[in-house]
Amino acid sequence: SQVSFEEESQNPPAVGHWKALMPSKGDKEEPEAGCQDAGGVDEPQSTEQLNVSRLRSSSVEIREKGSEFLRDELHKAQKELKLKDKECERLSKVREQLEQELEELTASLFEEAHKMVREANTKQAAAEKQLREARGKIDMLQAEVTALKTLVITSTPSSPNRELHPQLQSPSKAGFRKGHGRNKSTSSAMVSAASQNVAPEPVSRECKEVDSILFAEFQAWKESPTLDKSCSFLDRIYREDVGPCLDFTKQELSELVRVAVEQNTLTIEPVASQPVPMGKVAAEECGGPKKCALSGLPRTCKHRIMLGDSGNYYYISPSCRARITAVCNFFTYIRYIQQGLVRQDVELMYWEVMRLRREMSLAKLGFYPSEM
């Protein structure tokens, strides 16, 4: 529109002159000429006014269209700004949420790390304590092993060292000590001399022959010694020797005695000459100095047994004590073999086991030394 306006301003419209169609005569020609001149002056003025009005109307139209276009563009820009503001607000919320989650995650990680450190310190302290206790137990066990090796070297079930075991001495030599002496079943192998006072015959006069089946079972057990009675070696001894030897009249008490011997928790004590004080222990005692708790027969009981740490005492006769001691001697010897404390040839160990089996058989048949 601006270009057309400039073209119109550069090329003004041509203004024509009126020409008479017919020639006038006389004075009448002047007025017509005057009229013609007057008309020629007014016509350019009206054209200019028309052009000016056109220009004004076109400029107003241009302004209106420009303002309308600007308003549309402004509305578009405002809409875009609103969308961008919403997007910025959404992104800011996402950022705040992520920052909060990151802070919570960092706090939880630090808390978990501190917890793990505390647990590690606690476990380390417990492990150090267990290590110290284990070292103490190892030292104690090493001392016990050394003592047991000394006992095995200097004293065996067949020939115990009476100097190392005062309880094996006769009552006249040992005398009564204050209180009650105790013989745990762990050391009952050293008491075998009390259950075999009969002097064994010289080896040269005794004829022996190795039974191939028994020796094969013992060799198989010796390869991996165990106290599990499911193996053929111990199963046979349980059936032929241990079971019959510990089969007393009182079946319930006999079963308790067998379990205590197997678990190495049986205690044998000599009965003191002075009367036992009445109390809880005395009320729980079974049998008495004149009655055996295992056989139920009236016998003079010089010893009593306690099963574990129950505090219940049972008086037993010399024959029952001989049978229990023979079984304890056998279990003690095979425990020595299992722990590697016996350093002998396999055949010698086999014959020692056979001798202990013979002692159980004799005790079962009622043979026992007079000192019992």
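## Charge, salt bridges and a cavity

Lys 76, Lys 79, Lys 82 and Lys 86 form a positively charged patch on the surface. One of these residues, Lys 76, sits in helix α2, which covers residues 29–154. The model is a predicted one.

Helix α2 also holds a charged pair. Glu 61 and Lys 65 make a salt bridge, and their closest N and O atoms lie 3.3 Å apart. About one helical turn separates Glu 61 from Lys 65, because the two are 4 residues apart in helix α2. In total, the structure has 12 salt bridges.

Next come the cavities. The structure contains 2 cavities of 30 Å³ or more. The second largest cavity has a volume of about 30 Å³.

Which residues line the second largest cavity? They are Leu 214, Glu 217, Phe 233, Arg 236, Ile 237, Tyr 350, Met 354 and Arg 357. Charged residues are among them, including Glu 217 and Arg 236.

Key
Residues are numbered from 1 along each chain as its sequence is written. This is a predicted model: local features need pLDDT of at least 70, side-chain atom pairs count only at pLDDT 80 or more; totals for chains, interfaces and linings use all residues. Side-chain values use heavy atoms; hydrogens and water are left out. Patches are made of residues with over 30% relative accessible area and no salt bridge: like charges are joined within 9 Å, nonpolar side chains (Val, Leu, Ile, Met, Phe, Trp, Tyr) within 5 Å. Accessible areas come from the Shrake-Rupley method with a 1.4 Å probe; for residues, only the protein chains shown count as cover. A salt bridge is a side-chain nitrogen of Lys or Arg within 4 Å of a carboxyl oxygen of Asp or Glu. The place of a charge is taken as NZ of Lys, CZ of Arg, CG of Asp or CD of Glu. On a 1 Å grid over the protein atoms alone, a cavity is a set of points where a 1.4 Å probe fits but cannot get out, and a pocket is an open set with protein on both sides within 12 Å along at least five of seven lines; lining residues have an atom within 4 Å of a point. Grid points are joined across faces, edges and corners, and a volume is the space filled by probe spheres set on the points.
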